Amino acid sequence: MNEERITQFTEEVAELKLRGAKGDNERWLLLIGSIMLVVGVGLGVGGGVMASGTTNTADQVAAIATGSLVGLVLVIAGTALFLRYSMGRFIRFWMVRFVHEQRSETDRLIAAIEKSQK
Amino acid sequence: MSAIGEPILELKNISASYDAISVLHDVNITVRRGEVMALLGPNGAGKSTVLKIASALMRPTQGSVNIAGHDLTGAAASELARLGVCTIPEGRGIFPNLTVRENLEMAARKGLAVSVIQERAFARFPILAERRTQLAGTLSGGQQQMLSLARGLATDPVLLMLDEMSMGLAPIVVGDLYEQVQAIAAEGVSVLVIEQFARTVLGIADTAVVMSHGHVRFSGNARDVDEATLSSAYLGTK
């Protein structure tokens, strides 16, 4: 290992920004995503109901703009956050479980091969 | 050959607990550049907890973890791994259903070409080159440990931490592996080796720390670890 690598390591360590526990951030973002999703759906439905409840075009446009469009944006953003942080956690768990099961399966297979060879 | 240099890992006044059970008490450990440090002690001494704390898999209740002179207590394990702090866990940590080559590819450090990683790994462990297409799970225990080391080296580590490398291996295989560890340290990589079997590792270590019941009982030159120190730690004798 050369001096360049050590220098790079030392510089990267110095630049490392310590963040709080990442798990806490994930929980908060998951909660925010869920709230955005619910509020977005609520706004969308509310906007739709308001727009259909009036014959005034200006009111309909305002209801669709502030309700349905904002709602849609919130639903998309909320869904993205929800999927990212709920699925991320699930996929990590699934990967660990998958590796564990594969390892056990291979161990059993090797043991069976060794047994059959004796 | 690289001389032992500045501190790479410093654990200062570390205490840790699992819920209400205290497992480490005011532990101080310093691993210098290019040094092989043996962390010894019987089962339950707190060795693996030290490793967890050093690799940021666990937070100490007290004390600080300094890496290259910077306090990184509370850093994410993934960030330390990305920088070049490599931990090889007990049980080898390889993917048994991937081939040797695929295992090496999985460990590739960002920016390091797969061909370079393979070249380095196969130069150090020629047997892996012969078995590059073989499933890792079907390798012998010693070869799996070689692959595990090669995977660790693929991350271009500055600090390598090995947990119970000799577990389940024949003494001759362990001897060969520790020779490789010594060679890795000679290139300037700091190595912290956690071992239950003291004699195996003391032959190659520069410094040693002997722990029991979460306390450091001895810290110093590996050559100064005598029977009395080991008996005291392992058997509780005076």
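Visitor: Which residues of H1(B) are buried?

Guide: Buried means under 20% relative accessible area, exposed means over 50%, and partly exposed lies in between (1.4 Å probe, protein chains only). Helices (H or I, at least four residues) and strands (E, at least two) are DSSP runs, numbered from the N terminus. In H1(B), the buried residues are B:Lys47, B:Thr49, B:Val50, B:Leu51, B:Ile53 and B:Ala54. Six of the eight residues are buried, so H1(B) is largely enclosed by the rest of the structure. Just after H1(B), B:Ala56 takes a positive phi of about 65°.

Visitor: How should I read the numbering and the atoms used?

Guide: This is a predicted model, where local features need pLDDT of at least 70 and side-chain atom pairs count only at pLDDT 80 or more, while totals for chains, interfaces and linings use all residues. Residues are numbered from 1 along each chain as its sequence is written, chains are lettered from A and ligands numbered from 1 in the order in which they are written, and side-chain values use heavy atoms, with hydrogens and water left out.

Visitor: What is the nearest side chain of opposite charge to B:Lys47?

Guide: Side chains of opposite charge can pair when their charged atoms come close. Lys and Arg count as positive, Asp and Glu as negative; His and the chain ends are not counted. A salt bridge needs a side-chain nitrogen of Lys or Arg within 4 Å of a carboxyl oxygen of Asp or Glu. For B:Lys47 the nearest such side chain is B:Glu164, 4.0 Å away, and B:Lys47 has no salt bridge. B:Lys47 lies in helix H1 (residues 47–54) of chain B.

Visitor: Which backbone oxygen does the side chain of B:Lys47 reach?

Guide: That of B:Gly41, at 2.8 Å. Contact means heavy atoms within 4.5 Å. Leaving aside neighbours within four places in sequence, B:Lys47 is in contact with residues including B:Leu39, B:Pro42, B:Ile194 and B:Gln196.

Visitor: How many salt bridges does the structure hold over all chains?

Guide: Seven. One joins B:Asp156 and A:Arg5 (3.4 Å, N to O). This pair crosses between chains, from the loop between helix H6 (141–154) and strand E7 (159–163) of chain B to helix H1 (residues 3–15) of chain A. Both B:Asp156 and A:Arg5 are buried. A:Arg5, B:Arg120 and B:Asp156 are linked in a network of salt bridges.

Visitor: Which residue forms a salt bridge with B:Glu187?

Guide: B:Arg124, with the closest N and O atoms 2.9 Å apart. B:Glu187 lies in the loop between helix H7 (171–186) and strand E8 (190–195) of chain B, and B:Arg124 in helix H4 (residues 114–124) of chain B, so the pair ties together parts that are 63 residues apart in sequence. B:Glu187 is partly exposed at 37% relative accessibility. B:Arg124 counts as buried at 19%.

Visitor: Which residues form an aromatic pair?

Guide: Rings of Phe, Tyr and Trp (its six-membered ring) pair if their centres lie within 6.5 Å; planes under 30 degrees apart count as stacked, over 60 as edge-to-face and the rest as tilted. The structure holds one aromatic pair over all chains. A:Trp94 and A:Phe98 are stacked, 5.3 Å centre to centre, with 15° between the planes. Being four residues apart in helix H3 (residues 57–117) of chain A, they are separated by about one helical turn. A:Trp94 is partly exposed at 46% relative accessibility.

Notes:
Polar contact = N/O pair within 3.5 Å; in protein donor to acceptor, adjacent residues only side chain to side chain.
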